[in-house]
There are 2 protein chains.
Amino acid sequence: MRILGIDPGLRKTGFGVIDVHGSQLTYIASGTIVVPTEQRLAARLQVILDHIREIAALHQPTHSAVENVFVNMNPHSTLLLGQARGAALCALADSGLEVYEYTALQIKKTIVGRGHADKAQVQHMVQHLLRLNGTPAPDAADALACAICHAHHYPLQQQLQTQQHVSPHLTRTRGGRFIGK
Amino acid sequence: MRILGIDPGLRKTGFGVIDVHGSQLTYIASGTIVVPTEQRLAARLQVILDHIREIAALHQPTHSAVENVFVNMNPHSTLLLGQARGAALCALADSGLEVYEYTALQIKKTIVGRGHADKAQVQHMVQHLLRLNGTPAPDAADALACAICHAHHYPLQQQLQTQQHVSPHLTRTRGGRFIGK
């Protein structure tokens, strides 16, 4: 499983690619798409669209994961971020990838162990989990964290679906484990 | 000049194509892209992306105009609308079109003569201006209204640019007319 993680933003969009073999995570690539601010909005969105399509074509991921954005900000910023996120999702869908979405809370809980970790802690844990020599830049770290989050959650999602299919009488408990009826 | 107007929305995206020869407007096509609601977000955005690209490929517009959305709503709705708008702008940019943006206020003022016209008045005026036999559906009417708005404003924008180029000593007044320094 090769995962392309995206942290969308209109000025900077982070990306990160990892390979997953069992519980083994391998770093493949990461970086930040820096969008020129002096252009018109449509041209800026096209920069995001084109770059993510290029990254997908180059690294051939099998899965994609995108951070669900925080909307408790002013409406104008929310709209701009929504448009950047729309461009990112379009690029992934256009590359034939199914898109999985995770909230910042889920990602931080998975990576750091608690939902209110700061950016530096996420960067540190991403560096540790992927055995990197240096600290990735914040946007790239967030994208890699999103990919790692998907690597953790996806096998469980698959397992739950299979269990539900095999044993329809099992009931899901609050903790996510299954018990017989 | 052939203009593709878009009224973006996550559930329904309106489109309208008109030809402009001098002050003569000719209706070419219009309709509504109805996005299936049961799909995941990325798949829904791809429906918008694909359909607008198809419409652009079919009708070969030379200009595109998109309604600037109203953001005074709840943050979640603003984010969803932003993503739909992002998909629409990506499709237009991907089709090689420069995108012009107009607010609902500008469009209504141009079409109906005042900014607080209701949907029915916009539909009626679009029908009248394009000499249509029937009333276009609301989303298609809004998209056609946006295209008509661009047809009105673009020649003026061009003229102003030319005047500014030819006569750098002219000063723009508040009313948009030029006077010598």
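1. Ground rules. Because the model is predicted, local features need pLDDT of at least 70 and side-chain atom pairs count only at pLDDT 80 or more, while totals for chains, interfaces and linings use all residues. Residues are numbered from 1 along each chain as its sequence is written, chains are lettered from A in the order in which they are written, and side-chain values use heavy atoms, leaving out hydrogens and water.

2. Chain A overall. You get five helices and seven strands here, going by DSSP runs (H or I, at least four residues, for helices; E, at least two, for strands; numbered from the N terminus). Read from the N terminus, the order is β-β-β-α-β-α-β-α-α-α-β-β. Of the 181 residues in chain A, 48% are buried, meaning under 20% relative accessible area with a 1.4 Å probe, protein chains only. Among contacts (heavy atoms within 4.5 Å) with a separation of 6 or more in chain A, 57% join residues 24 or more positions apart.

3. Size of the interface. Chains A and B each put 27 residues into the contact. The area buried between them is about 2300 Å², with carbon and sulfur atoms giving 66%; that is the accessible area (1.4 Å probe) lost on putting the two parts together, summed over both. A:Arg40, A:Leu79 and A:Cys90 supply 23% of what chain A buries against chain B, more than any other three residues.

4. The rule finds four salt bridges between chain A and chain B, each a side-chain nitrogen of Lys or Arg within 4 Å of a carboxyl oxygen of Asp or Glu. One of them pairs B:Asp94 with A:Arg53, the closest N and O atoms being 2.8 Å apart.

5. Who supplies chain A's face? On the side of chain A that touches chain B, α2(A) gives the largest share, 13 residues.

6. A:Arg85. This one is worth a look: A:Arg85 sits in helix α2 of chain A and is buried, with a relative accessible area of 0%. Leaving aside neighbours within four places in sequence, the contacts of A:Arg85 include A:Glu101, A:Asn68, B:Leu41 and B:Gln83.

7. The core. The largest nonpolar core has 55 residues, and A:Leu4, A:Ile52, B:Leu4 and B:Ile52 have the most contacts inside it. Such a core is a set of buried Ala, Val, Leu, Ile, Met, Phe, Trp, Tyr and Cys residues joined through side-chain atoms within 4.5 Å.

Conventions: Buried means under 20% relative accessible area, exposed over 50%, partly exposed in between (1.4 Å probe, protein chains only).
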